[in-house]
Structure formats: structure tokens, C-alpha cells
Amino acid sequence: MSVGDGAGVFWRWWTAGTTSSVGSAVGAVALPLTALTVLDASAFEMGLIAAASYVAWLVIGLPAGVLVQRLPLRGAQVGADLARAVAVASIPVAWWWGWLTVAQLVVVALVVSFANVLFDVANATFLPAIVSREQLHSRNSLTSATHAATQLSGPSLGGLAVQALGAVPTVLVDAASYLVSAALLRSLPARRVDAPDRWPPVREMIGEGWRYVTRHPVMGPTMWTATAVNFVCGAQLAVYPFYLVRELHAPAALVGVLLAVEGVGSLVGATLTPWITGRWGTARSLVVACLISVVGAFVVPLGVGWPAYLAFAGGNVAFAGGVVVLSVTTRTYRQTASPPELLSRVMATVRFVSWGAIPVGGLVAGALAGLVGARVTLFAFAGAALLAPLALLLSPVRSLRDLADLAVDGPTAREHVAAAP
């Protein structure tokens, strides 16, 4: 597969991801509301569900890069979509027969989590194969902007659907979106892989990807920054629904709207990222974006009554906007700076560490919220968000205008890998 395969391949890839993203955004409201309103889940149980949704990154995050490099790329994506569809569809089936439990929601979240790992690594590896190097930043921005738009519309639709149909029937929208995505991805051309006669041992391949990232002067620090941000995101995933429903007493429709406001920040951040990084430089933009996210995290739990809703919305916008600038910029850098034969392992290594922080954040936040309440927990994690800009300011990134500057002027990533024991 090559860039010359045409724009049609990209747009089918984009449509598949957009459809799945809309369904997932609806499900992101329906699933926690199912736990809260149908099963009366506790704060800790909400933390378990949130953690289960991302724990696979800790379990198979590193091997995923090797698996994606060896498996048929299209087949891995389609298989992941089908697995997610079956798992999510089991929720309304169990509810219909009166068997639904919090344990099943945790199991479903686990299955979806493992499928997400393979799908996301494959998806990130697929994009550089169908667009030119010059287009990567704009295509990544488009993808993030689209995701933001679905996050804006999906939770609102999900909240309204839950209000009209109930939480459990709304989950079916998510299952249907995975089936549509699988059908579209199945129409894409299969990736041709020039496999060696004998693959190196899995551990050796994982180690090479790990050394490449951790010893890289730019990818290492930005990975730890993303880890700090995702630790806070995990807490928000676990605590936000609990905070809105149990402490602010928001109705389901309003919960959907308030969660969807995150999409406003994501959309603005994704749209402005090319302009911001072009004007101020990618490295400087990362530091400012992280500081804006920290401010947003502290604003989220302020106030009572309607002012609390406004603070939640405003803080959510600021936090999400900064996170998207970080995500688009660092993802594009990894895709352009990594050697093609290492790309899937680079993406897997970064996500193993950074996304692995999400379930940890969810579990810690769920336990803490049960002891001190959701509001205090959100303030505590806002303090933890300060680690994100700190990781950049304590690294060589602080003296750069653009992330690529150090890669040109300093030691190359290959030298860092070769120097590893």
C-alpha cells in the first residue's frame, strides 16, 4: 500500500473511524449511566469500569506493536471491530433477560479494551501508508477535529437517547457503529508486508522499540508528559459521571451535554493546532498547551448549582483543547521521525506507557472519591496535571522552538538505540 493508492482510501478510512467514534461517544454516556441508574454502581465500581476500559494497554500494549507488524493490518482492524460489536451488544441482551450486573460491564469494558489496543496501533500505523509525509500534520489535525466533533455531538445525542429510550437500549448504537466500521475497513486494500524469512524474537523487537522511545531526546519527554495527562484523564473518566449525577444532581440529558462540551475544546484545539504550531513552534506550543490544560483541570470542580455546571463546561473546554494540541503535535512527530520498520512499535510503546496511566488514574480516583468525594478528588488530580508541563520544562524540549530541531542538531535516535545496553 502506498500514498499513491489515492485519496479514496483515506476517506474510507476516515469514514470508518468517524462512524465508530460517534457510536463510541454515545456509548460513553450510555454505559456509565447504565451502571449508575440501572445497577446503582458505587464510586469504586465506576472506577473499575473506567480502569477496565484501558487496562489492556498495560497488559498487551508493548506486544501490540510487534503483533500489528506481523498480522494482516486490515484483518486486525476488522477483527477488532467485530469483537467490540459482540461485546457491547451483550449488554442489552443480558439486561433483557434480567442477568445484567456490574461485573458484566467490567468484562465488556475489558474485551473492548483489548480490541481497542490492536485497533488503535494498527490505525496509527495505517495512516502514514496512505498519505504523504507533507500531509500527515493536516490529516492528523483533521482526524482529531473529526473526533472532537463526534465527541461534541455524540454525548449530547447519547444523553437525549438515554432520556427517551433508557440507558441500556442506547448501547446498541455503539454496537452498530462497530459493524459499519468493519464493513468499510473490509473494503480497503490489504497491506503488503515484506516479511523476513525469520522474525526476531518478540522480546528483542519490543526492546528495540522501548529503547528507541525512552532514549530519544524528544519522544521520551513527550511520552512522560502524555502519561501525566492521561493519568488525569483516567480520573476524569471515572469521576465525571459520578460527580455530575451524585453531587451536582444533573439529569441525564444535561450530563450528556456537559460531557459533550469537551468536544468543543477538542475541536477548537484540533482546528487551531496547525496555525498555533506554525506561528509559535511545536515545542513552545506544547508547553503552553499543557499549562492551559492544568488551569482547566482546576476550574472543572469549582462552584455549586448552575455556576458549577458552567465551571465544569469551561474547565472541560480548556483541558480538552490543550490535550488535543499535545496529542496532534506529538503523534505527527512520531509518525514522521520514526523509521517505518519501527513505527508500530514506537506507537505501541508510547501508548503502553501513556495510555496505561488511564486505568491507574481511574482506579485511584474511584477509590479516593469513595473516601473524600468527587469534588476533592478532581482538585487532587488537577494538582497531578502539573507534572505534564514539568516533564517538558525539565527536558531539552524547553530550549527548542520546534520538536524537530533537536533531532537535526543533536544525537540521532539511531545512536540512542545503539548506545542502549
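A cavity here is a set of grid points where a 1.4 Å probe fits but cannot get out, and its lining residues have an atom within 4 Å of a point. With that in hand, here's a quick tour of this predicted model. By that rule, three cavities of 30 Å³ or more turn up, and a search of the whole structure finds four salt bridges.

- Val232, Ala235, Gln236, Tyr240, Ala297, Val300, Leu378, Phe381 and Ala382 make up the lining of the second largest cavity.
- Two elements each give two or more residues to that lining, namely α9 (219-247) and α16 (374-384).
- Helix α9 supplies the largest share of the lining, at four residues.
- In terms of volume, the second largest cavity holds about 50 Å³ of space.
- Sorted by class, its lining has eight nonpolar residues, one polar residue and no charged ones.

**Salt bridges**

As a bit of background, side chains of opposite charge can pair when their charged atoms come close. Three of the bridges are picked out below.

- Asp81 and Arg84 join their side chains in a salt bridge, at 2.6 Å from N to O.
- Why are Asp81 and Arg84 separated by about one helical turn? The two are three residues apart in helix α4, and that puts about one turn between them.
- Buried or exposed, for Asp81? Asp81 is buried, because its relative accessible area is 0%, where buried means under 20%.
- Arg84, the partner in that bridge, is buried as well, with a relative accessible area of 4%.
- Glu208 and Arg345 also meet through their side chains in a salt bridge, at 3.1 Å from N to O.
- This second pair ties together distant parts of the chain, with Glu208 in helix α8 (residues 202-214) and Arg345 in helix α14 (residues 343-354), 137 residues apart.
- Glu208 is partly exposed, given a relative accessible area of 24%, whereas Arg345 sits at 6% relative accessibility and so counts as buried.
- Asp402 pairs with Arg401 in a salt bridge, and the closest N and O atoms are 2.9 Å apart.
- Arg401 comes out as partly exposed, because its relative accessible area is 30%.

**Positive phi in two loops**

- Asp40 is not a glycine, yet it has a positive phi of about 55°.
- Where does Asp40 lie? Asp40 is in the loop between α1 (7-38) and α2 (43-52).
- Asp40 counts as exposed, since its relative accessibility is 58%, and exposed means over 50%.
- His249 isn't a glycine either, and its phi is positive too, at about 55°.
- The loop between α9 and α10 (252-260) is where His249 is found.
- With a relative accessible area of 59%, His249 is exposed.

- Ser113 has a relative accessible area of 1%, so it counts as buried.
- What separates the C-alpha atoms of Ser113 and Trp57? The distance between them is 7.8 Å, for residues that are 56 apart along the chain.
- Ile276 belongs to helix α11 (residues 262-280).
- Ile276 is buried, because its relative accessible area is 15%, and the buried class covers anything under 20%.
- From Ile276 to Leu286, 10 residues apart along the chain, the C-alpha separation is 9.9 Å.

Definitions and conventions:
Residues numbered from 1 in each chain as written. Predicted model: local features only at pLDDT ≥ 70, side-chain atom pairs only at ≥ 80, totals over all residues. Heavy atoms only, no water. 1 Å grid on protein atoms, 1.4 Å probe; cavity = no way out; pocket = protein on both sides within 12 Å on 5 of 7 lines; lining within 4 Å. Points joined across faces, edges and corners; volume = space filled by probe spheres on them. Nonpolar A, V, L, I, M, F, W, Y, C, P; charged D, E, K, R; others polar. Buried < 20%, exposed > 50% of the residue type's maximum accessible area, 1.4 Å probe, protein only.
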